[in-house]
Amino acid sequence: MKAKFNKMLYGGDYNPEQWPKDVWQQDMELFDKAGINSATINVFSWARIQPAEEVYDFRELDEIVDTLAKAGKQIVLATSTAALPAWMVKRYPEVARVDYEGRRHKFGQRHNACPNSPVYRHFVKELTARLAERYGSHEHVVCWHINNEYGGECYCENCEKAFRVWLRKKYGTIEALNKAWNLTFWGHNIYDWDEVVLPNALSEGIEGEEEPGNEKTAFAGISIDYRRFNSDSILDNFRLERDTIQQYDRDTLVTTNLMGTYKGLDYFKWAKEMDIVSWDNYPSYDTPWSTVAMWHDLMRGLKNAPFMLMEQTPSQQNWQPYNSLKKPGQMRAQSWQTVAHGADTIQFFQLRRSVGGCEKFHGAVIGHAGSDQTRVFREVAQLGEELNRIGDSIIGSKTESKVGIMFDWDNYWALEYTSGPNKDLKYVDQITRYYEYFYSKNMSVDLIPVDADFSRYDLVAAPVLYMVKEGMAKALERYVAEGGTLVTGFMSGIVNESDNVHLGGYPGPLRALAGIWAEEIDALAPEQSNEILFTDGTKACCGLLCDILHLEGAEEIARYGSNFYAGTPAVTKNAFGKGYTYYVGSVLSEDGLAKVLDLACDGAGVASVIGEETELEVTRRISDAGAVYFVMNFKDQELPLPTVFAGKKDLLSGQTMEEGEMLGKYDVRIAVL
Amino acid sequence: MKAKFNKMLYGGDYNPEQWPKDVWQQDMELFDKAGINSATINVFSWARIQPAEEVYDFRELDEIVDTLAKAGKQIVLATSTAALPAWMVKRYPEVARVDYEGRRHKFGQRHNACPNSPVYRHFVKELTARLAERYGSHEHVVCWHINNEYGGECYCENCEKAFRVWLRKKYGTIEALNKAWNLTFWGHNIYDWDEVVLPNALSEGIEGEEEPGNEKTAFAGISIDYRRFNSDSILDNFRLERDTIQQYDRDTLVTTNLMGTYKGLDYFKWAKEMDIVSWDNYPSYDTPWSTVAMWHDLMRGLKNAPFMLMEQTPSQQNWQPYNSLKKPGQMRAQSWQTVAHGADTIQFFQLRRSVGGCEKFHGAVIGHAGSDQTRVFREVAQLGEELNRIGDSIIGSKTESKVGIMFDWDNYWALEYTSGPNKDLKYVDQITRYYEYFYSKNMSVDLIPVDADFSRYDLVAAPVLYMVKEGMAKALERYVAEGGTLVTGFMSGIVNESDNVHLGGYPGPLRALAGIWAEEIDALAPEQSNEILFTDGTKACCGLLCDILHLEGAEEIARYGSNFYAGTPAVTKNAFGKGYTYYVGSVLSEDGLAKVLDLACDGAGVASVIGEETELEVTRRISDAGAVYFVMNFKDQELPLPTVFAGKKDLLSGQTMEEGEMLGKYDVRIAVL
Amino acid sequence: MKAKFNKMLYGGDYNPEQWPKDVWQQDMELFDKAGINSATINVFSWARIQPAEEVYDFRELDEIVDTLAKAGKQIVLATSTAALPAWMVKRYPEVARVDYEGRRHKFGQRHNACPNSPVYRHFVKELTARLAERYGSHEHVVCWHINNEYGGECYCENCEKAFRVWLRKKYGTIEALNKAWNLTFWGHNIYDWDEVVLPNALSEGIEGEEEPGNEKTAFAGISIDYRRFNSDSILDNFRLERDTIQQYDRDTLVTTNLMGTYKGLDYFKWAKEMDIVSWDNYPSYDTPWSTVAMWHDLMRGLKNAPFMLMEQTPSQQNWQPYNSLKKPGQMRAQSWQTVAHGADTIQFFQLRRSVGGCEKFHGAVIGHAGSDQTRVFREVAQLGEELNRIGDSIIGSKTESKVGIMFDWDNYWALEYTSGPNKDLKYVDQITRYYEYFYSKNMSVDLIPVDADFSRYDLVAAPVLYMVKEGMAKALERYVAEGGTLVTGFMSGIVNESDNVHLGGYPGPLRALAGIWAEEIDALAPEQSNEILFTDGTKACCGLLCDILHLEGAEEIARYGSNFYAGTPAVTKNAFGKGYTYYVGSVLSEDGLAKVLDLACDGAGVASVIGEETELEVTRRISDAGAVYFVMNFKDQELPLPTVFAGKKDLLSGQTMEEGEMLGKYDVRIAVL
């Protein structure tokens, strides 16, 4: 059992190697002023600590570690393998990636290594071993941060060969592969493993309007397997570093920083290999706060455990189109929201703003002015004081939810690869629509994998559960039969794990559970919509896709108002064993979906964490000492404190809260009930 | 003389090789229920029937043919050469194409063979010979379907060499080539055939906003010749297969499925090599019905003969952005419209929906439910009953039109390659604007090539006849002099077959015929427009391009209302011999163009096929038994039956039609008058 | 000292080699009719005068020169090196460029030579020597026109090697390079010059939505140096030709035609190497006339001297999306505007319209009709008469301005490479906003380099002076201290010449001068804005970026009206020595910026060239004979002549101008006061 953090880390990325040493001492003083108690180092230093193939030089890193240790800071130690040294690419061009267009890249940027390059893996192992041997037992090193924001794809020959090996291991025989990928379609039958090619722009990739990383394919089955393979290949890089570290250091937590709903990697699979999840939170100026909350809940859901907030900006970003400043109080409110949803650390990118390079306009605790006399620094210091004061009473506390929303990378990939019926159907959009409902009601939600223990939840939502893999339908049937409430709907139950259709009628293996048959799926263009008529006479809108349903035991909750299927069911409810399945046949307007979920929640007995309506966000963590409630105002107007908190102590201010007390935008209260 | 079809084929693409054999028998039963009397097979089976270079295996195909034959189905037998087997690309990479960007492709997708690869041609010939030998005399095989949806481009070294040979054959000398391409411009003079390079992104291609397949070029002359060459190269592939088949089978019709106004291939040239034209009709959810009608008339016009509708979807597509369902009755109405415009077959893609691959959401007669209890199946069966009942009285019947609209791939290419004056000028758009007028009037139209026998028509429309090749002007002069009516206009008569300007003043060789000189061509941006004032005082709008005209014998029909050329002629009419030429100097609004065409039609004595106004589509085919009228409602409201049909028998229902009878949307009546 | 022009050249690009010789004589007659007194020849004839590696053939060029000489025309002789001959690319593929995507190009288009190809340079030198030897002393050759519209980039191996040499020369040591590029960021440290790679799509280029030539980069420092290197490499090509010519001809002016605000080349550096600046003026149909005026002022500013207008169209262009005709009088007014801003020649592209190639729809003096009976020809002839009549009294005259606006290619590159804060911030846009103010007031403006002699100006505007290089701040401080007025603002003083931030607080080295500290920079999305409240109570809007300012000696001119920094200064004025610095903290609306500049101009005593308000453009050149005023109406309504001109003689008409006389759109008056 590795040691947990002994306090709430407050720090972030720190790159003293970019600065002269007189600055280091200023930094230590400023960190103290700001309550910064830790620093993440060595994130991009490979070329400095290994300046040539045969030369390792840890003198500078030693000094950095010493400086931080002397200042009493805890250290998150990165392995610096996320950016290739120039000399390595020059000497071994194969370490660089081949892109989707088939072009071998040269030295440049970062996150640029081929995951299946034996040369890269050789150097990674060697470096990691030396780092772990040298710093693994350092008492200030409290966490290993492997690589950085793993991601991307490579389409080189080494990857192609590795893909064939991966496939052989998965499928065993050529025949099984042909069947899984339905290769008889378009006469793609293969007779030799070497006939497999990577699915990029030069093979199965279909030219279109898709953004990079979201390309179309002629064979979703191949491309989904490529994504699995690529995620596994990169995960194997992570494991290589982790295992190497653990040869020298069995006590320190190992993580790598994830990126929310990043499409490229199957984070549920990754999380199993990580001691603790950490992630980087970068909302845009117009990202809804509910979306940010969902990201946190997903990151917490990966291991169903508290996580590290490895990066956020104290002020603004640089790589968005419009990098607005965080307003006064916003960073603090955002940080407390992060803690509320399960974070045990608050860390910034970055502690000191770079002088050059493409991130020089990225916000930092210490700006280019080098001063503590800035709004940003003062806000960081205020939060530092608060976290240092009350953080210890929060870390390690759990989240208890009665609602689970399924999130699944296989589904993410498969749904977005599929050709038709409607190009505007995006996976995360649909998940977000559900999450928003629960968020607005302050119902605690877990984002859960498809193999979760559903019995922990009173209600499980599975929107666009397009791919239903072996065993999933049975598990859901057991869950509902034993009294659970399942909400699913259009584009669910369509394909198996190889993206081949479950024959016999949609929603395939979910048909009995839902008590309906979806005979056809209509696609609506953006300018088109339909009307939804609930049985109580209320109306709502819908669009994008419209299932044409036949009741097979289910009852109708709402019907379509127009088109040739006017009057046929649009939303249904099916009793199955002791539970119920709701099936939502179209993309409903917000009020329409809310109505369905109101019904489902009422039936399942799911309620707000405070049993009181409010437009404030109220989020709960459960510690040994009791339930900690975080009350936050993310709305543009003042809002009254829920009555349940009247007379309780606000941990932040130490004051007793009053009945009718108003919270302004970004105000936060924390109370233990 | 090859045998014509003995009945109206009703069937479509069928891929039993993707299914276990127990499904085949279900299929035969379902086909019977649906009135399906034929199937198109072996479209993408190359890799199955030739699993390795030295191995041919026809056992499965034999079984498929037997199964269909036993079930009494006619067979359209494809040659399966439209998708390369994986082993071939692996062993002979040259069979794959090099794309516009200069990138050699790997194995993947379909329609992927270099047309000038000797290796590909070798294997094609070998395979086709074996197929023809084996199945050519099978009594159920009624049509050869060569390859599939030929198209695309290749820019490989083999193509480059073949292009030089093609050019040498066409031009004879380097001097002639330099002159044709005007290579002195920008000092492009060449002195050796080997200095010719293919015009792609690495040579003459100009980077811009154009979509793939519609790229810009520095030398339209080179790029037009490349398109001609590429069309010829692929046509040579077709001829290779056709000739090989005919060595074994001189009796069966040979076709390949075309794609309407597809830009890449000169279909008029292709049709000369085909026994019968067949094509695939895939309107989008928002394609006007007039456009669909025009596509059919173009496909009929290729050989001025009935055609096969090789593919359409019974329900929805998968590759459009928004794949809406066909509404009840829509597929039936669309099918009858197809027959009305000259189809002698109605075939679907596809008979059974695939379980995987990128077309798994493409509609099919038998859906994933595998059931006949679907709306789609019932509609297919209804149509099957009708076609089987009355189809025989229609097949082979002709279309007689008094209006011809010129369509010409050379013009299509040249107009869209040219740089300036207005990037929004698109060839098919302009043709469509004319067609819509005649369609709305139920005037029968032929789409005709530039070397048509114009004397068959009372009115010939030649919009944007940008390229006037050798002899064309004389032919048009003869036509008008002998009493014909020609309607042409802006951007006509500009260049010769090499895209070099006809000097001396626009519209070049059409100047005498039109009796005007276009001194200048103004280009209007999308937010700009001009006004058109007709001599009778009515007004209309115009935009995009405005010719500034001088009358040279013509009379003014309308003048511009604004800009510095306000008051100068915008539309003119010129008496030439016994006939008249109308010249439309700008892109007129729909009502403006209608006014001009009203005048021209009145003068030419062109009228509706029923001599009665109606918003219904009424289309006529002439059989030995008489004129068959197809009356169809594609409007959103009910419309009364034209009086001419009152008291006549509707072939579909067998009922006598009544005066004032209303047709709902998608209702169809068929009567022989 | 080379000879200046002895008259105002009136002519343009002339390509008789594209035409049979009978046309040449027609051309000479038409030139006479139009007052054309010169022609630019041999622009794209390399493949004709050097048809093979060992063969030079000047017979045709001799004839062209003779023909023009006999007709009494002056000759601008181009060197024809701007388009590679086909044979050269075939034999030496390295002469063609490798593009941003890393693709080696083939023969095609123009402006296509690798500037660092020894082969290309060898052939260029050889050709230029022969041309100079042969024609250098020809009395009709009055100007050498080297190459054509130099531009573009190459990323080949030769360029990569040359870049390393360039860097070694600039930086001396690897350590200096690492520091300048801040390579410790993302661990990019290099230890060997050979580790440097060119910054393209395969290395530091960041994929995004940027248009070609405007790509994003991970290391602005590298990419800015690449741009400097590329500009220098191409300039070295220019110098090679110039020096070669001068070995044979020391008397004739040497130029190359520039392209206004073209981003790729540092024209201030280029102009130092040119005897006279020439440029090509191609406004779009919707380009404001103020922008055209600014382009001229920039071109004049390059050498602070009169320039040649090498190309403009007499009627329309072909390569714009919408190539509208110039309206009657527009070309004449545009030409006089050009002269007003410093042109000593008026030349067209082109004298005769090509028969083929991508510019066949580009306007010409002689159109495809080959006639002088066209509107365009008549307008050209009218202008020819005027220029021949009064041009001599104008050429060589100077421009005197009290306002200088800084324009700097280093800033242009750096500002647009930088990642954040707002992607919509574009360099030329911001300069243009300032220029428009002075233009609307008829205040004469010089566009000046950052190392200009500021003391010549009463007011210097330096918008977005993002990069403040060594010495610049001191120079500006001297200027203001001695009484100058400086207007600068947001995104100024941020980085040094290597794109590394000036630490210590924005605007870095300008902080004392401006008397403010910009603590933060907010970025506003397009749908967002702020309000500006001036101290006199008036209001305006602002957006895009908002500096949050602290006064450090400056006084507040205006403050923000909303957001969390409402009430803080948005515009300030700082007394510094005898002068003042205005700092504009946000992108103000037009009226807001005008208000600030009104204040600054009033203070600095800057006034209109006529001391009278008018919506007409009034622009002044100073000749030995006095001040020549050009009065032009570019507005859509009639406007009265300013009173100062009443009673003066209009040089164009020879008439005395009257009080209250109205000028219609495109009317021009020229008077000497």
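The legends below describe close-up views of a predicted model.

**View 1. Helix α15 of chain A and the elements around it.**
Helix α15(A) spans residues 472–481, and its buried residues are M472(A), A473(A), L476(A), E477(A), Y479(A) and V480(A). These residues lie on the same side of α15(A), because they cover an arc of only 160 degrees around the axis. In an α-helix there are 3.6 residues a turn, so residues three or four places apart point the same way. The buried residues of α15(A) pack against strands β12 (403–406), β14 (459–461), β15 (485–489), β20 (569–576) and β21 (579–584), and against helix α16 (511–514), of chain A. Just after the helix comes G483(A), with a positive phi of about 115 degrees.

**View 2. F454(C) in the loop between β13 and β14 of chain C.**
The loop that holds F454(C) runs between β13 (445–448) and β14 (459–461) of chain C. F454(C) has a relative accessible area of 5% and is buried. Leaving aside neighbours within four places in sequence, the residues in contact with F454(C) are M406(C), I448(C), P449(C), V460(C), A475(C), L476(C) and Y479(C). G404(C) is 50 residues from F454(C) in sequence, yet their C-alpha atoms are 7.7 Å apart in space.

**View 3. The interface of chain C and chain B.**
Here 49 residues of chain C are in contact with 56 residues of chain B. The area buried between the two chains is about 4,600 Å², and carbon and sulfur atoms give 56% of it. In chain C, the residues that lose the most area to chain B are Q109(C), Y322(C) and F361(C), together 16% of what that side buries.

**View 4. Polar links between chain C and chain B.**
Between these chains, 31 residue pairs are in polar contact. There are 4 salt bridges across the interface. A salt bridge joins the side chains of E520(B) and R375(C), at 2.8 Å from N to O. On the side of chain C that touches chain B, the elements giving two or more residues are α2 (46–49), α4 (86–91) and α12 (375–390). The largest share, 3 residues, comes from α4(C). By class, this side has 21 nonpolar, 15 polar and 13 charged residues.

**View 5. The salt bridge of D446(A) and R300(A).**
The side chains of D446(A) and R300(A) meet at 2.8 Å, N to O. The pair links distant parts of the chain, 146 residues apart: D446(A) is in strand β13 (residues 445–448) and R300(A) in helix α10 (residues 289–303). D446(A) counts as buried, at 3% relative accessibility, and R300(A) is buried too, with a relative accessible area of 4%.

**View 6. The salt bridge of D536(B) and K595(B).**
The closest N and O atoms of D536(B) and K595(B) are 2.5 Å apart. D536(B) is in the loop between β17 (530–534) and β18 (539–551), while K595(B) is in helix α17 (residues 590–604), 59 residues apart. D536(B) is partly exposed, with a relative accessible area of 47%. K595(B) is also partly exposed, at 24%.

**View 7. The salt bridge of D57(C) and R59(C).**
The side chains of D57(C) and R59(C) meet at 2.8 Å, N to O. D57(C) counts as partly exposed at 21% relative accessibility, whereas R59(C) is exposed at 61%.

**View 8. A network of salt bridges in chain A.**
The linked residues are R121(A), D236(A), R239(A), R242(A), D243(A) and E273(A). Over all chains, the structure holds 142 salt bridges.

How values were computed
Residues numbered from 1 in each chain as written. Chains lettered and ligands numbered in written order. Predicted model: local features only at pLDDT ≥ 70, side-chain atom pairs only at ≥ 80, totals over all residues. Heavy atoms only, no water. Buried < 20%, exposed > 50% of the residue type's maximum accessible area, 1.4 Å probe, protein only. Helix = DSSP H or I, 4+ residues; strand = E, 2+ residues; numbered from the N terminus. Arc of directions from axis to C-beta. Contact = heavy atoms within 4.5 Å. Buried area = accessible area lost by both parts, 1.4 Å probe. Polar contact = N/O pair within 3.5 Å; in protein donor to acceptor, adjacent residues only side chain to side chain. Nonpolar A, V, L, I, M, F, W, Y, C, P; charged D, E, K, R; others polar.
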